[in-house]
Amino acid sequence: MQSPFLRCEPRVAHAVSRVPVPARPGIDAQRSTDFPHRVRRLTGRLGASPPCLAPVKPLAPIRQDWQGWSFLQRKDAMKAMTPLEELRHSASHVLAAAVLRLYPEAKLDIGPPTENGFYYDFDLEHKFTQEDLEKIEATMREVIKENQRFERIETSREEAEKLIRERGQEAYKLGRLEDIPEGDTVSFYRNGEFVDLCAGTHVNYTKKIKAFKLLSVAGAYHRGDEKNKQLQRIYGTAFPTKQELEDYLERLEEARKRDHRKLGRELKLFHIDEAVGQGLILWTPAGAILRQELQTFIASELRKQGYEQVFTPHIGKLGLYRTSGHFPYYKESQFSPIVDHEALESLAHEGCSCAELSNRLDEGKIDGYLLKPMNCPMHIKIFDSQPRSYRDLPVRLAEFGTVYRWEQSGELNGMTRVRGFTQDDAHLFCTEDQLGAEIQGCLELVKTVFTTLGMKDYRVRVGLRDPDSSKYTGEPALWDRAEAALREAVKTLGVDYAEEPGEAAFYGPKIDFVVKDVIGREWQLGTVQVDYNLPRRFGLSYVGADNKDHVPVIIHRAPFGSMERFTGVLIEHFAGNFPVWLAPEQVRLLPITDDQLPFAEELERTLKAAGIRCAIDRHSDKFGAKVRRAELDKIPHMFVLGKKEVETGKITLRSRVNKAAEGQHSVDEAVALLTEQIRNRTLPDGFSG
RNA sequence: GCCCUUGUAGCUCAGUCGGUAGAGCGCGUCCUUGGUAAGGACGAGGUCGGCGGUUCAAAUCCGCUCGAGGGCUCCA
């Protein structure tokens, strides 16, 4: 269930063996880095006590002047809500009220506002359907029409418990009540017959909720723990005005149009085939060009920075991953080990069960191979293949390394969450003293990549250790230096960043780059991680100037993260309108009639010779249809070839962005223009990241 | 993995109360040779995700299964 790669706690260990956990199972940094995983959503974070409710009944003291009330006294710092959050939170109460009117037996959990709306979790035998949502919406409108006042009620704990029980909402609300720290005030909010344990705040009357819509139903575990009961979560959104709601829904619709899964199919960039397997990407020719260009780009940057390219196999012995600490501790997120025929046969002869086989693999009594879940152990072996002197450092080994991880099927998502992916991975082996400069180099690389692609909408997270925890490996002094180095380096980036204590990997601090997809989900792309763990686990060393052995530090870094995820994000980022250097087809040649075909063919040879990717539209359609086709295919440039062009030997240019004709150019000029755009990796005109 | 939704031609979809399937786009052929987002005609494509069951008869009903989508969970 989880993809452990980044975690340090061997929490999977109990499943199978109790072998002493290697001091911090490895990690490779990759992980985080590497990989792709979705970052926690911010929603649902408002810790406060959620709402709840119950049947009608006279209520106790009502305090209407709650203004002076401090909502910040809760330990988890419940923040005062913004007006929009208040509106949405209020809408969630109205939702709950409506659900109770229709299904009095529903048990309520919580209903906070989220980044784009709100939700409320219900425990109810009846499964909500789309039609139910419409009914509930109608009932919500009734509640709103009644223009109920939202009133705050503060009670003692005893009263609160009594109130909850009277309303038959003890199932979840009592637990939520217990969450409220001793000493904090317990409050309820009431509107009409609905009363809910709630810290607030709310709008004053239900009529303030003018524009809302229920969007979907989804399963959600109580308190987000899959061991708990799964509740039904109804999602909705609300805005101050109808216009804003409509705009939002329209934007959602627009966003869906640039979904990389949709564009990937339309532009024939990649394919996922059931027969091949879930989460396994087939890069079609057009997509392969895209990836190839990206890799060429990054490889050239790496060369500038003194990296050396290596290649390593897709599988390696289990022992290697035992040393790194990945096996068996993270085996739940790996494909099962591969055991050779002979071993398998002899095991079969002795009647060994699958469980037994699994145990023996875990305990190291049988060897096997693992489809590699990360590249670092192999790069480490390359580093360790010869004696190293401090004069050799830093050693920077780079590889577009393909790794495989067993992601839960429900987590798979197009190209952004897959089971086989290629990291633009590299491991830097350096001395303590070199750490700062190397980290900075890594960040510069990430910045170069993001800038070149016009990606401005990302956030940078500096993961530091939690000062109160002892789970980290490595000397505190080293950590201090590494953290200082990261901080220092990130400042030179010139972008906003957030330091997040407790977000470090157990083996070292890190910096992650996170971007959002069209639906607003966050994905981690690039990362730079410092690792004090693996060098020790693998017993790495170099000879220092003092003629003594020293342990190098490893930096794991991947500016793209994975080619798959990055490409998926990039497709959405550009909405398929790639800059010329990335466009699978850079120029479409459009002969106005078949008479210009020979001219087009000659031109095609010229362009190809110049390294420009182009194709001729040979359909016998009218010219307008050819233009339309090229537009739909999102080709950056069209060369119009008619009688006039053949006579003058010049082509008429029409580019994707400036629809209109852009004048005539000699073939040489046109080639020069395109070559320039390709070489400079020019972003599309008018593109704003 | 769990919850909900979903699976009909390459794509987007329609298929009323069960009677062995349709459209548009795309593709092919022919006609058309036309200057900046769709010219016309004809045609080829589907054992309706798969397996079982009910029925005289199933794309339509039931069960199982595989895949997809949206969530949840995890991601040190």
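Predicted model: local features only at pLDDT ≥ 70, side-chain atom pairs only at ≥ 80, totals over all residues.

Mentor: S21 covers residues 553-558. Because 6 of the 6 residues are buried, the strand is largely enclosed by the rest of the structure.

Now the partners. Strand S14 (residues 420-430) is joined to S21 by 5 bridges, and the two run antiparallel. Leu428 has Ile555 as its bridge partner in S21. Strand S18 (residues 522-531) also pairs with S21 over 5 bridges, in the antiparallel sense. There, Asp531 stands opposite Ile554 of S21.

Step back to the sheet. S21 belongs to an open sheet of 8 strands, in the order S10-S13-S14-S21-S18-S17-S15-S16. The pairing is mixed. Strand S10 (308-309) and strand S16 (497-501) stand at the edges. Each has a single partner strand, so one side of each is left without a neighbour in the sheet. Further along the order, strand S15 (residues 458-464) and strand S17 (residues 510-516) run antiparallel, joined by 6 bridges. Gly463 stands opposite Lys510 in S17.

Next, a helix pair. Helix H17 spans residues 563-574 and packs with helix H9 (residues 285-304). The angle is about 110 degrees, and the axes are 11 Å apart. That makes H9 roughly perpendicular to H17. From H9, the contact uses Leu290, Arg291, Leu294 and Gln295. From H17, it uses Met563, Glu564, Phe566, Thr567 and Leu570. By class, the contact residues divide into 5 nonpolar, 2 polar and 2 charged.

Then the cysteines. The whole structure has 0 disulfides. Cys430 is buried, because its relative accessibility is 0%. The closest cysteine sulfur to that of Cys430 is in Cys442, at 8.8 Å, which is too far for a bond. A disulfide needs sulfur atoms within 2.5 Å. Cys354 counts as exposed because its relative accessibility is 68%. The sulfur of Cys354 has its closest cysteine sulfur in Cys352, 7.9 Å away, again too far for a bond.

Helix H12 covers residues 354-363. Leu357, Arg360, Leu361 and Asp362 are buried in H12. Just after H12, Gly364 takes a positive phi of about 85 degrees.

Last, another sheet. Here 3 strands form an open sheet in the order S3-S4-S5, with antiparallel pairing. Strand S3 (151-155) and strand S5 (194-197) stand at the edges. Each has a single partner strand, so one side of each lacks a neighbour in the sheet. Neighbouring strands are turned by 25 degrees against each other on average, direction ignored. S3 and strand S4 (residues 186-191) run antiparallel and are joined by 5 bridges. Glu151 stands opposite Arg190 in S4. Helix H3 (residues 83-102) packs on this sheet and touches S4 and S5. The direction of H3 makes about 125 degrees with that of S5.

Definitions and conventions:
Residues numbered from 1 in each chain as written. Chains lettered and ligands numbered in written order. Heavy atoms only, no water. Axes fitted to C-alpha atoms, helices over the stretch in contact; angles between N-to-C directions. Helix = DSSP H or I, 4+ residues; strand = E, 2+ residues; numbered from the N terminus. Parallel < 35°, antiparallel > 145°, perpendicular 65-115°, else oblique. Contact = heavy atoms within 4.5 Å. Nonpolar A, V, L, I, M, F, W, Y, C, P; charged D, E, K, R; others polar. Buried < 20%, exposed > 50% of the residue type's maximum accessible area, 1.4 Å probe, protein only. Pairing = 2+ DSSP bridges.
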